[in-house]
Every structure is written in C-alpha cells, then in structure tokens.
Amino acid sequence: LKLQFLYFIGSCLPKMQIEATIRLSEGSLVSILVFRHQLQAAEEIECRTFLTNGLRNLNNHREIAFTFKLTDDQLKKEVEDKNGFDFNEDLPDGLADLLLYIQECASEGTVVSGGLTKHESDKASGFFGNSAFGGILYIPCDCAGFPDDTLRALAITREEVEAVERVGLVRVMTAFGNINNYFPTTIWIDTKRSTFITSKDWVDDSVLMKLIFPSTAVEQSVFILSDSLEESWANESHGNGFCI
C-alpha cells in the first residue's frame with residue numbers, strides 16, 4: 001500500500017507548462033489554463049488539463065481541474081499541425097457550457113464541494129461527447145502548482161453511477177485505479193471509453209455484499225441534472241455535491 005501511494009504521488013505531479021489561457025465569454029471573471037502533459041500509468045498517457053482560474057473570486061468557490069486523455073485524432077493533429085491548442089477543435093465537447101454554468105451558479109452562491117452529480121434524462125446526451133457518461137465525480141486534486149483545495153472532475157458512466165450508489169465512492173475509485181494501474185484512482189477522463197465497473201461486479205455476484213448492501217441504493221448525496229438550465233439549479237449550497 002505504501003508503494004502504491006508513493007507511485008500515485010509521483011505520477012500525479014507531472015511537469016506541466018501552460019499551453020494556452022482562454023476565456024469562455026467576454027467579460028468573464030474566470031479564465032481557463034490549458035496544460036499539455038503526460039501521465040505515467042501502465043503506459044504513458046497523453047493528456048490535456050483544463051484548470052479554472054478565478055472561481056475563487058465567486059463566493060470562494062474551489063477551482064476545478066478536468067484532465068482529458070487525448071484521442072488518436074488529437075494526437076494525429078498534433079503531428080500534422082504545429083500551431084498548438086485550438087479553441088474550436090481541441091476543447092472537449094460540452095466542457096465550455098459546463099464551465100460557464102458552474103461559473104453562473106457560483107456567482108449565485110451555489111458551490112461544488114465534492115461528490116457526485118447524476119444525469120437522469122431520456123434525452124441525455126451524456127458528457128463530453130460520450131453518451132454513456134451519466135455523472136461527474138468531484139474528488140480532491142493535489143497536483144503541484146495548483147491551489148491546495150482544487151477539485152478534480154471525473155466523468156463516469158451510468159452503470160458506474162449505480163455502482164457508486166450501491167457500494168460507495170471509495171470502492172469504485174479504487175477499482176478504477178486497479179484497472180488502469182494508477183493509484184489510488186484514475187485521474188483522467190477518457191471520452192472514448194465504455195464502462196469500467198458495475199454494481200454487479202460487487203453486489204449481484206457476492207453473497208456477502210448482498211448481506212451488507214441490500215437491493216435498495218445506499219443513501220448518499222446524489223443530485224439530479226435536469227434538461228432545462230432555467231429549472232435545473234437549486235440556489236443552495238450542498239455539503240457533498242451540487243445540483244445542475
């Protein structure tokens with residue numbers, strides 16, 4: 001366990017240089033710092049991290065980091081095009097809208113403090129261009145040079161949302177780390193991936209887990225993402241998550 005912990009600490013502190021600084025809207029108090037870097041897991045992972053810069057000015061909101069694994073098309077583009085980050089082509093699908101919404105809500109006093117957001121809608125398109133993604137987890141981020149209380153956002157599939165509800169966040173995050181050989185948990189979003197783990201892997205196939213966790217979901221703070229932005233935001237703070 002100690003070796004795994006040390007491996008995690010070393011691997012989550014990559015040498016990162018700012019690739020670009022962008023603003024999502026004119027006059028916005030929040031900018032986005034863009035970093036191009038690698039992470040070392042079982043193999044080297046080519047990544048791009050988007051870190052908010054200025055959420056702290058909005059009701060002392062914590063900054064948020066989104067780390068994305070680059071797709072094959074993005075890597076091919078890097079080889080062919082040496083111009084660096086392109087806002088229109090390299091910004092993950094839907095990230096700008098999500099960050100603008102978080103900024104709007106933070107200005108109204110509703111803040112993210114960690115936990116799970118859950119998307120339940122017949123029309124849901126998921127997150128970041130992956131229709132399988134049904135929720136976003138917010139966990140601590142301890143990358144060197146980032147604000148101490150920065151949150152890291154991770155997109156998970158609907159099956160993984162169910163697993164979090166039934167067996168808890170820690171078990172699911174640990175499973176992610178084991179699958180990707182990156183401890184204590186995977187810290188990048190792979191927009192091309194399918195489900196890593198389901199509740200069946202623990203509950204349905206385990207007599208012991210059935211005794212510990214009955215068929216009803218474990219109670220915890222899970223907030224619903226609705227289709228309408230106008231109706232979706234509850235103007236109140238939450239201790240374990242937020243509602244959009």
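Modeller: The protein chain has eight helices and eight strands, taken as DSSP runs numbered from the N terminus (helices H or I, at least four residues; strands E, at least two). The model is predicted, so local features need pLDDT of at least 70, side-chain atom pairs count only at pLDDT 80 or more, and totals for chains, interfaces and linings use all residues. Residues are numbered from 1 along each chain as its sequence is written, and side-chain values use heavy atoms, without hydrogens and water.

Colleague: Is Phe176 buried or exposed?

Modeller: Buried means under 20% relative accessible area, exposed over 50%, and partly exposed in between (1.4 Å probe, protein chains only). Phe176 has 3% relative accessibility, so Phe176 counts as buried.

Colleague: What kind of aromatic pair do Phe176 and Phe196 form?

Modeller: Rings of Phe, Tyr and Trp (its six-membered ring) pair if their centres lie within 6.5 Å; planes under 30 degrees apart are stacked, over 60 edge-to-face, and the rest tilted. For Phe176 and Phe196 the centres are 5.3 Å apart and the planes at 70°, making the pair edge-to-face.

Colleague: Which parts does the pair of Phe176 and Phe196 tie together?

Modeller: The two residues are 20 apart in sequence. Phe176 lies in helix α6 and Phe196 in the loop between α6 and α7 (207–212), so the pair ties together that helix and that loop.
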